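Thanks for making time this morning. I would like to walk you through one model, so please keep the sequence and the picture in view while I talk.

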Protein chains: 2
Amino acid sequence: MARYLIEPDPGLVLRDTNTPVGARILAEGLVLMSELGLEGFTFRKLAERAGCTEMTVYHYFANKHRLLQYYDQMYWLWLATHCKQEGRHLKDPMERLRGDITAISGIWPADAMAGPFDPAALRQLVVNEGSKSFLHKDVDADNKLQLFKPYKDLCGHIAGELKACAPGLKHARSFATTLVDMAHSLEFAMHHLPALTELSKRKDRKKLAAFLTDLAERYLSR
Amino acid sequence: MARYLIEPDPGLVLRDTNTPVGARILAEGLVLMSELGLEGFTFRKLAERAGCTEMTVYHYFANKHRLLQYYDQMYWLWLATHCKQEGRHLKDPMERLRGDITAISGIWPADAMAGPFDPAALRQLVVNEGSKSFLHKDVDADNKLQLFKPYKDLCGHIAGELKACAPGLKHARSFATTLVDMAHSLEFAMHHLPALTELSKRKDRKKLAAFLTDLAERYLSR
DNA sequence: CTCTCATTTATAGTACTACTATATTTGCTG
DNA sequence: CAGCAAATATAGTAGTACTATAAATGAGAG
């Protein structure tokens, strides 16, 4: 299992997190934000959990939204890197696409690690809170700061594979976004709004990947 | 143009809004929440705008999330009613489906009204803030209160039309959710994250409807 | 081995949010 | 015009999301 070097945009962070306290803040922050949700999560609570003061946390991150965006970037960067890596030794673009869909559905080698984080923990946070990274009044400013680049890059990569499968395709990006979006949206539905999907919590991500793969095959088939 | 009777779940509201103040709160709340986003929106600001006291607002709604959920229900109830109504005189299920897709893309008769609200204003709010109705730690409790029923009903209705087009279809609900979800998600992307889609702000919703219709036709074509 | 400088802490404070509580006034209804 | 719900006025609480500043700590350089 290859470990990739993943570094979110340094603009997200106020100071290098590669310190004992910095690492604890990142590790405990992920757990706590997942536990409490972005609204219930505060730097005060994180400081308590990480064994430092609130001020120290503020020295690393300007606010909790930036911390969420950090995890978000970490997740999408890792996922895109993983997709590209896995696709490297596959000649058939359709096979690469299938591999990508498996990955965006949350199916990875058991020992996968996104830098210091368990990607499954990152994914859970991103499924539940990730869209709050951009669903706010400063989207456009944040977008100018390139904060959503990793997400766009993944969608762009998948759009590229789609084009490789069907060179004349008109809406590769819109459809790539559809696949990535629904991988998360349907996972949320499976757990909280089961009436929205035939997929069940039990049967897991394989069924999700199967639905998305089928969708892609039908979309490409003419 | 038929006007439908639309009543969100009375459990969302603490007292009948059919009063001069209640109506002002609802009307100004929609504008203000759209302007400020859910995070920047407060009952204090709404009271000022509606010419009443903060306490009066609290007499009508327990908190701002409930008010958002009220608009959300209003939107989905109206949209589902509209879809069903328009489909009534169409015999071909494929034509009904195309009509539904046009509607979820935000294309309606110019004089459409959702009760006292302009559905275009509701849609803008729901595109930008709607998912905060369920993206929080109380989803499961809110779901038990049936707060998401109107949304599920619309997806269920579209799933029904899909089944009418292709009786053997296995994932009608997942695909219906995909259509409804992406109608909003791509509209947000068009305005704020244009790299995610070929659709442009300018060329509008017709292109969005065309993409979704094409997606549905391909999905159903085998 | 101690000086230095960045990191971390301690302490304090501000403006605002999201309410709750209660007493009083207003205005329609029978 | 009595009664009652709706609306207001006023006050207060606990917490959030920071900012500010000075003091303590500790690792690395000379």
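Among the contacts in chain A between residues at least 6 apart in sequence, 72% join residues at least 24 apart, where contact means heavy atoms within 4.5 Å. Before I go on, please bear in mind that this is a predicted model, in which local features need pLDDT of at least 70 and side-chain atom pairs count only at pLDDT 80 or more, while totals for chains, interfaces and linings use all residues. Residues are numbered from 1 along each chain as its sequence is written, chains are lettered from A and ligands numbered from 1 in the order in which they are written, and side-chain values use heavy atoms, with hydrogens and water left out.

Staying with chain A as a whole, its secondary structure comes to ten helices and zero strands, with helices (H or I, at least four residues) and strands (E, at least two) taken as DSSP runs and numbered from the N terminus. The radius of gyration of chain A is 18 Å, close to the 17 Å that the globule rule gives for 222 residues, so chain A is as compact as a globular protein of that length; the radius is taken over C-alpha atoms, and the rule is 2.2 Å times the number of residues to the power 0.38. Along the principal axes, the C-alpha atoms of chain A fill a box of roughly 60 × 40 × 35 Å. Of the 222 residues of chain A, 53% count as buried, and here buried means under 20% relative accessible area, exposed over 50%, and partly exposed in between, with a 1.4 Å probe and protein chains only.

Let me turn to helix 2. Which residues of helix 2 of chain A are buried? In this helix, which runs over residues 43-50, they are A:F43, A:L46, A:A47 and A:A50. They cover an arc of only 100 degrees around the axis, which puts them on the same side of helix 2 of chain A; the arc is that of the directions from the helix axis to the C-beta atoms. The face turned away from that buried side carries the exposed residues A:R44 and A:E48. The cover over the buried residues of helix 2 of chain A includes helix 1 (20-40), helix 3 (54-60) and helix 4 (64-87) of chain A. Just after helix 2 of chain A, A:G51 takes a positive phi of about 65 degrees.

DNA strand C is surrounded by 17 residues, of which the closest are A:V21, A:T56, A:Y60, B:N63 and B:K64; a residue is near a strand if one of its heavy atoms lies within 4 Å of it. Of the atoms of DNA strand C within 4 Å of the protein, 76% belong to sugar or phosphate and the rest to bases. For polar contacts I count pairs of N or O atoms within 3.5 Å; within protein, one must be able to donate a hydrogen and the other to accept it, and residues adjacent in sequence count only if both atoms are side-chain atoms. The largest share of the surface near DNA strand C, four residues, comes from helix 3 of chain A.

What about DNA strand D? It is surrounded by 16 residues, the closest being A:N63, A:K64, B:V21, B:T56 and B:Y60. Sugar and phosphate account for 74% of the atoms of DNA strand D that come within 4 Å of the protein. Phosphate oxygens of DNA strand D lie 3.0 Å from a polar side-chain atom of A:K64 and 2.7 Å from an N or O atom in the side chain of B:Y60. The largest share of the surface near DNA strand D, four residues, comes from helix 3 of chain B.

I will finish with a residue of helix 6 (residues 119-129) of chain A, namely A:N128. Is A:N128 buried or exposed? A:N128 is buried, with a relative accessible area of 18%, and its side chain reaches the backbone oxygen of A:Q124 at 2.8 Å. Leaving aside neighbours within four places in sequence, A:N128 is in contact with A:F188, A:H192 and B:L135.
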